[in-house]
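Here are my notes on this one, jotted down while going through the model. Have a look at the structure first, then see whether you read it as I do.

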Amino acid sequence: MSGPPKPESFGSPDGSDDRHIVDHDRLRQALRRAEPAAPRPFLFLGDSTYERLGSADDDRRSLGRMILDRFDAEDGGRAPVRIISYGAYNLRLFRHVLEAAEQAGWRPRTVTFVVSLRSFGPIWMGTPEWQWDGHARWLAAFAAGRDPMAVGDGDAGAETDLPSDLPARQAAFLASGLDTLGPIPGVVSKTVADFQALLEDKSEEARVRRLTEVFAVYHGFAIADGHPLLAELRRAADAAARLGAEVHGYIPPVNLEAGTRYLGEGLRRQVRANVAAVRTALGSGLDTGGFRLHDCSEMFPAALFLRPEQPTEHLNDHGRRKLAELLVHAVR
């Protein structure tokens with residue numbers, strides 16, 4: 001017997017392995033420590049895709065753990081690797097981490113960060129508790145040469161707490177329209193609240209509309225030239241380059257096999273247009289030694305995601321192994 005199904009969860013890195021940092025206490029400690037001059041580490045910056053596991057996974061290692069294990073297998077543990085991940089982190093937070101790392105004197109050999117197209121969308125960009133303004137303030141203070149948490153240990157405290165006006169911001173967000181970036185084909189819901197109510201309706205009758213809208217809202221919007229995260233992408237790339245690192249970005253897999261069943265090939269065209277917008281924003285430095293962009297958006301079939309109709313970038317154990325192999329190969 002296989003036993004009860006395993007719950008969908010986040011993979012916890014080995015407590016004895018401080019190479020994968022998933023909380024701010026450990027990030028503060030790492031930034032305060034002097035980095036050895038050599039050998040220079042491989043640095044990865046990620047989001048929840050580095051930690052999420054699936055309910056049916058036999059291999060219970062996170063993506064972060066798989067990356068570490070692949071380096072260990074190929075180099076016998078000699079290659080220094082550091083991973084920093086946090087749920088809902090986006091390019092703005094990666095930029096702040098890299099600027100703090102510059103102040104700390106880090107000199108990684110490579111910097112690799114995820115460029116999630118979904119993070120440009122109205123839900124991820126708008127959800128108030130996913131903006132991590134307190135984290136950004138603390139990292140910016142550290143980058144400016146001040147450490148507001150130099151006294152005491154334990155939780156990050158006020159600098160990373162959620163804002164006191166969060167309820168009002170959440171109410172405003174729920175009342176806002178889904179067309180803040182322009183109309184999204186396939187979306188019937190008018191407001192974020194309408195969309196969230198649809199997501200909570202797990203009835204079979206609502207299934208087709210629910211999946212149609214979630215794929216549209218997560219992946220069917222257009223990234224315009226003036227999108228603020230495009231500027232953050234350029235700033236993150238510049239911050240990584242100032243560390244003397246070879247800089248890599250990668251666009252994570254999008255479940256287009258499932259999404260196009262509900263929205264047709266127009267969804268694929270929009271994802272390709274959004275990839276092109278990212279490439280255009282990076283300009284002349286792209287793939288010429290200044291920045292290497294690895295586009296995985298169309299590389300993974302539905303069978304490699306947490307579920308065959310998974311609308312987010314979270315992968316099952318087979319998908320995580322493939323992505324870990326691709327990322328390690330790309331930076332070596």
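How are H7 and H8 oriented to each other? I'll start there, bearing in mind throughout that this is a predicted model.

1. The H7/H8 pair. Helix H7 covers residues 192–200 and helix H8 residues 207–219; they pack at an angle of about 130°, and their axes lie 9 Å apart. An angle over 145 degrees would count as roughly antiparallel, and 65 to 115 as roughly perpendicular, so H7 and H8 come out as oblique to each other. As for the hand, the crossing of H7 and H8 is left-handed.

2. What sits in that contact. From H7 we have Phe195, Leu198 and Leu199, and they meet Arg209, Arg210, Glu213, Val214, Val217 and Tyr218 of H8. Sorted by type, the residues of this contact are 6 nonpolar and 3 charged, with no polar ones.

3. Strand S5. I'd look at residues 81–85 next: 5 of the 5 residues in S5 are buried, so the strand is largely enclosed by the rest of the structure. The cover is on both faces, with Val81, Ile83 and Ser85 buried on one side and Arg82 and Ile84 buried on the other. Note that an arginine, Arg82, is among these buried residues.

4. Neighbours of S5. Two strands to check here. Strand S3 (residues 42–46) pairs with S5 in the parallel sense over 5 bridges, and phenylalanine 42 has valine 81 as its bridge partner in S5. Strand S2 (residues 20–21) also runs parallel to S5, over 2 bridges, with isoleucine 21 standing opposite isoleucine 84.

5. Helix H5. Within residues 133–143, the buried set is Gly134, His135, Ala136, Trp138, Leu139, Ala141 and Phe142. What do these buried residues pack against? Helix H1 (24–32) and helix H3 (91–104). Just after H5, have a look at the backbone of glycine 145, which takes a positive phi of about 95°.

6. Glycine 121. This one is in the loop between strand S6 (110–114) and helix H4 (122–126). Is glycine 121 buried or exposed? Buried means under 20% relative accessible area, and glycine 121 has 2% relative accessibility, so it counts as buried. Leaving aside residues up to four places away in sequence, glycine 121 touches Gly126, Leu181 and Phe221. Histidine 219 is 98 residues away from glycine 121 in sequence, yet their C-alpha atoms are 7.4 Å apart in space.

Methods. Residues numbered from 1 in each chain as written. Predicted model: local features only at pLDDT ≥ 70, side-chain atom pairs only at ≥ 80, totals over all residues. Heavy atoms only, no water. Buried < 20%, exposed > 50% of the residue type's maximum accessible area, 1.4 Å probe, protein only. Helix = DSSP H or I, 4+ residues; strand = E, 2+ residues; numbered from the N terminus. Contact = heavy atoms within 4.5 Å. Axes fitted to C-alpha atoms, helices over the stretch in contact; angles between N-to-C directions. Parallel < 35°, antiparallel > 145°, perpendicular 65-115°, else oblique. Left-handed = near helix turned anticlockwise from the far one by under 90°. Nonpolar A, V, L, I, M, F, W, Y, C, P; charged D, E, K, R; others polar. Pairing = 2+ DSSP bridges.
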